[in-house]
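Here's a quick briefing to read alongside the model. Keep the 3D view open and click along as you go.

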Amino acid sequence: MYVSVRDRPGTDTTPAGRRGRVASTVVLLGVVSLLTDVSSEMVNAVLPIYLTKVLGLGILAYGVVDGIYQGVSALVRVVGGYLADRYDHPKWVAAAGYSVSALSRIALLPAHGFASVSAVITADRLGKGLRTAPRDTMIAAASPPDALGRNFGVHRALDTVGATIGPLAAFGLLLFVADGYDAIFVVSFAVAVAGVAVLVLLVPGRRARRRQGPRTVTARGVLRQLASPAVRRPVAAAGLLGLVTIGDGFLYLALQDRDNLAARYFPLLYVGTNIAYLALAVPLGRLADRIGRARVFVGGQLALVAVYLVASGPLSGLGTTVVALALLGTYYAATDGVLPALVSRVAPETGRASAIAAAQTAVVLARFVASLGFGWLWMTIGLQHALWLACGLLLVALPAAGWLLGLHRRGTPARVAP
Amino acid sequence: MTDAPSELEPAEPRPMSRRRVVVLALVLTACVAAATAYVIHARNVRLTVERTAPSLATRDDLEAVSAVPHLVFRNTALGDGYGHAAVVALTDVDGPRALTGSACERVYQRSDRTICLSAERKLVTTYRAQLLDRQWRPVRDLPLVGLPSRARLSADGTFVATTTFVSGDSYAQPGQFSTRTVVTPTAGGGGVDLEQFRLIVDGRQVSAADRNVWGVTFADGDTFYATAASSGTTWLVRGSMAARTLTALREDVECPSLSPDGTRIAFKKHGTLPPGKWRLAVLDLATMRETLLGEQRSVDDQAEWLDNGNVLYGMPRTGAVATSDVWVTPADGSGTPRVLVHDAWSPSVVR
């Protein structure tokens with residue numbers, strides 16, 4: 001058996017003009033994500049205030065339980081990926097996920113207790129888990145191999161525009177309708193419905209395998225594909241790096257911890273990261289297409305090392321905060337879209353969604369474990385030492401991840417031939 | 001190689017059919033129309049409520065009512081003075097209120113000082129803490145970080161304590177929400193973050209970095225009580241400004257409030273309730289015996305003593321948005337709670 005891992009599109013022979021234009025499917029999926037992110041970030045931005053001030057729920061309680069939902073969402077991802085592969089209908093699996101999240105917005109209106117609000121938030125996270133891998137598969141299927149990174153970059157940039165508009169729209173609405181949380185939920189629902197409509201009506205429901213004739217995809221077959229070195233190694237690399245990645249929440253807390261400025265303008269911290277992400281998603285995607293996705297993915301981790309150093313360093317003030325946020329955005333631009341681009345290229349077509357889901361699940365679960373670990377470290381050895389330790393662990397994990405991704409092979413770095 | 005990635009099929013999707021574009025246009029129009037209609041409706045409902053609200057009984061003699069024993073609180077009656085600090089005489093607490101010009105999320109008054117935690121709602125909401133004098137004029141701004149939660153002044157007005165929520169994002173981080181409690185001398189000088197005080201539990205110092213302190217209540221010039229937490233346990237602590245220590249007295253006491261005679265503490269007890277729920281209780285400091293109060297609903301507020309026999313607390317009004325009432329219940333666990341002041345929050349009894 002010969003598994004070709006064409007991570008370097010330069011070695012592919014594709015017509016030069018191919019990657020000039022971004023496929024309309026990619027742009028449309030970007031618009032769907034933009035609308036969905038406007039919708040979800042509108043709600044997320046006001047949720048802490050809504051829960052505590054209007055519903056009178058304890059904010060501490062909410063924070064703890066939220067962690068568990070994230071874990072559930074990671075497992076649903078795998079299901080979403082498998083369903084997309086099994087029935088060769090990624091569009092409909094994605095549409096189901098987007099619809100569940102949309103419905104959860106309107107369900108916030110009657111939800112007034114801790115249990116019902118928790119259930120609604122869980123539904124939203126489940127929908128997100130379900131749709132991510134099928135959607136990334138559709139992006140991959142609509143992209144020429146030499147423009148995968150660029151196209152994922154375009155999608156993530158549109159997605160980030162939505163995430164930036166959302167909170168601003170929510171706070172703008174609150175200015176217009178005092179304490180109008182119900183208005184926020186309704187508008188958020190309408191925006192989400194618009195996103196689902198664009199997906200259902202305009203995005204072509206391409207069935208990648210239809211022309212190859214009927215071939216059943218079984219769970220066992222998908223598992224075998226996931227276990228093959230071509231898929232196993234990048235998934236392991238992403239999981240390994242996730243284990244030594246501390247969550248944004250901790251970084252934001254670290255920035256706030258020594259700097260009242262950062263704490264006062266806390267909501268703006270996300271915007272700062274988003275701007276950097278937005279600006280760099282496409283250029284770094286292009287770079288990944290040119291020099292190799294694995295290289296950019298591993299290189300992005302160096303930006304994260306720099307974030308840790310800045311956050312634990314002696315400097316504080318506006319400049320430091322801005323630098324840290326810009327570096328964090330760079331890290332996301334170099335990894336978030338590049339990972340599915342990388343995995344979709346090495347995975348066999350029949351198991352592409354499952355492979356993307358596996359990689360993303362590995363990242364989410366590993367980060368969850370990392371969060372628990374980092375929280376414990378912060379408690380026991382203090383913030384600065386914990387950051388230094390995370391930094392050291394990341395630097396140790398980087399070469400290992402590089403090896404798993406085949407970066408040590410010179411020339412054609414990602415060719416694996418057993 | 002059966003499963004190798006196939007070469008890409010032509011990237012062009014089928015051309016969008018005209019019918020689908022029309023349907024999409026209809027859906028989008030419906031979404032925009034419905035959302036706009038709802039927003040305008042919601043705004044109109046609020047404007048109507050404000051216009052038709054039984055015009056709030058107010059009085060203009062702020063100085064006179066402040067000169068007698070009185071109650072200071074945040075007015076939550078919808079309308080012009082919404083969110084402003086207000087004053088009523090203790091002899092006529094649910095009667096006409098004198099509105100001040102200060103908008104406060106949380107307000108507290110002692111001696112000739114008032115602390116007002118306020119929100120500036122722009123595109124990004126920021127919060128500030130101001131010390132005000134008898135005439136409600138700003139004396140000084142205190143640094144304030146995060147969502148206002150609690151505010152207290154010592155009896156002689158020397159110290160002011162503020163508690164805020166400093167929140168992380170909603171990703172899976174345990175301990176992502178932390179509180180910041182700062183005690184500042186009102187006369188001037190910088191505040192001190194109580195997390196920097198030594199926390200002593202059973203004679204041993206707790207140095208875990210996840211220590212959190214909230215809900216200060218002052219006893220005398222140096223002593224205060226507060227809640228400290230670490231690793232999921234909360235304690236009632238007695239604090240000393242001079243010694244910079246917090247000494248744990250017992251577990252499961254949140255947002256303590258010292259009675260006027262200094263013998264008891266009203267507090268929120270979590271016990272075995274679901275997350276985010278508390279019962280109001282009173283602890284006798286001499287015997288360390290606790291009594292659950294008659295309020296059966298969950299209370300999330302720092303209680304205030306009306307007198308040595310009755311406890312006040314704010315309660316969001318069921319079925320209404322952004323409106324709350326101040327309730328009173330006997331401190332010995334007897335009787336049933338009743339509304340003391342309608343459309344009010346953050347009470348402060350000044351005698």
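Predicted model: local features only at pLDDT ≥ 70, side-chain atom pairs only at ≥ 80, totals over all residues.

Residues are numbered from 1 along each chain as its sequence is written, while chains are lettered from A and ligands numbered from 1 in the order in which they are written.

**Helix 8 and helix 15 of chain A**

- Helices here are DSSP runs of H or I with at least four residues, strands are runs of E with at least two, and both are numbered from the N terminus.
- Helix 8 (residues 229-243) of chain A and helix 15 (residues 352-381) of chain A have axes that come within 7 Å and cross at roughly 20°; axes are lines fitted to C-alpha atoms over the stretch in contact, and angles run from 0 to 180 degrees between N-to-C directions.
- That angle makes the two helices roughly parallel (under 35 degrees counts as roughly parallel, over 145 as roughly antiparallel, 65 to 115 as roughly perpendicular and the rest as oblique).
- Among the residues that meet are V231(A) and A238(A) from helix 8 of chain A, and A355(A) and A362(A) from helix 15 of chain A; contact means C-beta atoms, placed from the backbone, within 7 Å.
- By class, this contact has 13 nonpolar, 2 polar and 1 charged residues (Ala, Val, Leu, Ile, Met, Phe, Trp, Tyr, Cys and Pro are nonpolar, Asp, Glu, Lys and Arg charged, and the others, Gly among them, polar).

**Helix 8 and helix 16 of chain A**

- Helix 8 of chain A also packs with helix 16 (residues 383-404) of chain A, at about 165° and with axes 8 Å apart.
- Helix 8 of chain A and helix 16 of chain A are therefore roughly antiparallel.
- This contact divides into 8 nonpolar, no polar and 1 charged residues.

**A sheet in chain B**

- In chain B, 4 strands make an open antiparallel sheet, in the order 3-2-1-26; two strands pair if DSSP finds at least two bridges between them.
- At the edges sit strand 3 (98-103) and strand 26 (344-350) of chain B, each pairing on one side only.
- Strand 1 (residues 70-75) and strand 2 (residues 84-89) of chain B are joined by 5 bridges, and L71(B) has V88(B) as its bridge partner.

**An annotated stretch in chain B**

- UniProt lists residues 21-40 of chain B as "transmembrane region" in an unreviewed entry; such annotations may be inferred rather than shown by experiment.
- In the model, residues 21-40 of chain B are 100% helix and 0% strand, with end C-alpha atoms 28 Å apart.

Key: Contact = placed C-beta atoms within 7 Å.
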